[in-house]
Amino acid sequence: MLSISQASNCLSCVEWLPSESGPGVVQYKKIAFQDKSFINFLENILGKLDNKIHEGTNKNLTLSLDSNNVSISSFKYDKSISLKEKIDWYENIFLGPYVLKNYDIYYYSLEPISAEILVIYIDKQIKKNILESCEKHGFNLKHLSIDIFSANSSLNMYNGPNENYILWKIGKNKNHTLLFFKDKNFSNYINFNLYKKIEILQSFGSEYYTEKLVSTIEHLVSYQKMKSLNIDFFDQIYVYQTKNNYDLLKQISSIDTNTITLMNIGSKFLNKNLKNKISYNLLSFNENGNSLEGIDV
């Protein structure tokens with residue numbers, strides 16, 4: 001299995017093989033990446049990886065895209081109308097023929113918390129370029145995902161996920177993303193910039209939980225102990241990052257080690273020799289998690 005995740009101008013690449021004791025990592029490497037069109041993107045990657053991609057085996061590939069390479073929106077609907085009817089209306093009236101012609105569209109329910117659907121648009125030409133490059137190099141694209149959603153598939157490595165949890169991605173340029181799951185149901189998506197206060201860029205899902213999530217993050221970035229905050233609405237915060245400065249991450253992950261789990265994928269998956277040592281520069285590899293769906297790690 002070759003797993004690739006895109007974070008800005010960098011690709012995190014992992015090759016692993018199945019074994020009786022779980023996936024065995026053959027190699028992992030970060031590779032500079034500039035061409036967001038993904039035209040023949042594997043040519044550059046395979047040229048920089050060690051020559052260990054096993055020929056004669058089933059060459060499967062998973063890919064996670066940076067959310068900046070897709071479009072994300074949502075719509076609400078009346079539960080008295082069937083979801084299929086609402087999607088048909090949304091596509092024909094709201095999106096129109098240009099979007100339908102040029103984008104592949106995926107829908108994710110935020111029920112039962114709110115009658116809202118998260119919508120993700122992937123440019124058909126980019127997807128076509130990805131598939132053509134996979135075909136050229138003999139790979140079968142098994143799964144295509146988006147950064148934080150792929151990282152959500154990594155949570156089985158961290159004794160999770162709990163029924164009620166927050167997944168927090170610390171990105172570049174003070175940009176952050178949250179996912180919130182209530183009773184194991186996808187409830188909220190929030191993308192925000194963090195300066196002295198939170199500047200919400202996109203927020204989908206329950207307004208009630210949006211307020212609670214914002215309050216929780218503002219509390220944490222002021223480095224206050226969790227016990228001084230009402231945290232009855234979640235059990236655990238899982239946090240990772242894709243940027244290079246780790247000061248904020250180190251601070252918040254030390255506030256309450258019972259409530260905040262640093263997603264240290266280095267010792268959990270990539271290199272068992274690291275044991276409990278934290279390799280902060282490897283945290284972006286959590287976004288390769290879609291390759292591990294259904295796998296015990």
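Colleague: Which residue in S8 is the bridge partner of leucine 63?
Modeller: Leucine 144 is the bridge partner of leucine 63 in S8. Before going on: this is a predicted model, in which local features need pLDDT of at least 70 and side-chain atom pairs count only at pLDDT 80 or more, while totals for chains, interfaces and linings use all residues. Residues are numbered from 1 along each chain as its sequence is written, and side-chain values use heavy atoms, with hydrogens and water left out.

Colleague: How many bridges join S4 to S8?
Modeller: Six, and the two strands run parallel. S8 covers residues 140-146. Strands here are DSSP runs of E with at least two residues, helices are runs of H or I with at least four, and both are numbered from the N terminus. Two strands pair if DSSP finds at least two bridges between them.

Colleague: And what about S1 and S4, how many bridges there?
Modeller: Four, again in the parallel sense, with S1 spanning residues 2-7. Serine 3 stands opposite threonine 62 of S4.

Colleague: Is S4 mostly covered or mostly open?
Modeller: Mostly covered: six of the six residues in S4 (60-65) are buried. Buried means under 20% relative accessible area, exposed over 50%, and partly exposed in between, with a 1.4 Å probe and protein chains only.

Colleague: Which residues of S4 are on each side?
Modeller: Asn60, Thr62 and Ser64 are on one side and Leu61, Leu63 and Leu65 on the other, and both faces are covered. In a regular strand the side chains alternate between the two faces of the sheet.

Colleague: Changing topic. Where is serine 206?
Modeller: Serine 206 sits in the loop between strand S12 (198-205) and helix H5 (207-221).

Colleague: Buried or exposed?
Modeller: Serine 206 is buried, because its relative accessible area is 10%.

Colleague: What does its side chain reach at 3.3 Å?
Modeller: The backbone nitrogen of tyrosine 208.

Colleague: Which residues does serine 206 contact, leaving aside neighbours within four places in sequence?
Modeller: Ile113, Ser114, Ser187 and Asn188. Contact means heavy atoms within 4.5 Å.

Colleague: Which residue has a positive phi of about 55 degrees?
Modeller: Aspartate 183, which is not a glycine. Aspartate 183 lies in the loop between S10 (175-182) and S11 (185-194). Serine 8 also has a positive phi, near 60 degrees, and belongs to the loop between S1 and S2 (10-17).

Colleague: One more. Where is asparagine 40?
Modeller: Asparagine 40 is in the loop between S3 (24-32) and H1 (41-48). Not counting residues up to four places away in sequence, asparagine 40 touches Ser133, Lys136 and His137.

Key. Polar contact = N/O pair within 3.5 Å; in protein donor to acceptor, adjacent residues only side chain to side chain.
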